[in-house]
Amino acid sequence: MNIDSNNQRQSVNASVGSNDHERKMVQAWAVQNLFTPIEVKLKAFTASGILKAMILLFVLPMIGLLFGLYKLVTGDNDIGIGFMQISGIGFFIVSVFGALALLIGLFVNRKSIRRMDEKGLETRNGQKHTWDSLKSIHFKRIGKAGGSGSVQKAALRGADAMIFAGSERICAELSFAGGKAIVPPLILDSENIHLLIRSIPAPQSGDV
């Protein structure tokens, strides 16, 4: 019995020692890489992002609809119907991506990282986590929309490519003792920030 108890204590002590070592490594990483605080800005809320969204979701489908109606009125039914169909695809994209944007926005605004420094990070809902409480990081790759086949799928592929242009299609989830924080794909300087997150010396899983 004494031997078993000693073995258990040694195992616990080894685990605690390993965790302490990992925490010290993460803290050392933060001091080295985050001595200058980093602001994580959402790409969707930049001026260029808003302009692209407006063009994609409203202006082009509306132009197509108005032109199609004009052609129908002037007697050019084939062209009119064609543009009406294209406009229908456009408004289909509006509904799909509008719903996705709403859901993603609600999720991202709660848990996405706003700021990182050598002490820890702060999420957009004001929650703060220190680096010594970081437990693990999970990466999830975001698939491409659409596929092969219909015109609607081709339109979705085009919209998907525009939205994710210049962004890493990866979402990183950092698990802390007090909760989780997200690094979404649609952020400014996406590639460098995700490379920075990948360099954290903490247990990593998923699409690493």
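User: How many residues lie between S6 and S7 in the hairpin they form?
Analyst: The model is predicted, local features need pLDDT of at least 70, side-chain atom pairs count only at pLDDT 80 or more, and totals for chains, interfaces and linings use all residues. Residues are numbered from 1 along each chain as its sequence is written, and side-chain values use heavy atoms, with hydrogens and water left out. Strands (E, at least two residues) are DSSP runs numbered from the N terminus, and two of them pair if DSSP finds at least two bridges between them. S6 and strand S7 (residues 179–183) pair antiparallel over 5 bridges, and the hairpin they form has between its strands 2 residues.

User: Which residue in S7 stands opposite Glu173?
Analyst: Strands of a sheet pair through backbone hydrogen bonds, either parallel or antiparallel. The sense for S6 and S7 is antiparallel. Opposite Glu173 stands Ile182.

User: Is S6 mostly covered or uncovered?
Analyst: Buried means under 20% relative accessible area, with a 1.4 Å probe and protein chains only. In S6 (residues 170–176), 6 of the 7 residues are buried, which makes the strand mostly covered.

User: Which residue in S6 is the bridge partner of Phe139?
Analyst: Strand S5 (residues 134–141) runs antiparallel to S6, and 7 bridges join them. The partner of Phe139 in S6 is Ala172.

User: Which strands stand at the edges of the open sheet of 4 strands?
Analyst: The order in this sheet is S1-S2-S3-S4, with antiparallel pairing. Two strands have a single partner strand each, so one side of each is left without a neighbour in the sheet. They are S1 (38–39) and S4 (128–130).

User: Which residue in S4 is the bridge partner of Gly120?
Analyst: Strand S3 (residues 120–123) and S4 run antiparallel, joined by 3 bridges. The partner of Gly120 in S4 is Thr130.

Technical notes. Buried means under 20% relative accessible area, exposed over 50%, partly exposed in between (1.4 Å probe, protein chains only).
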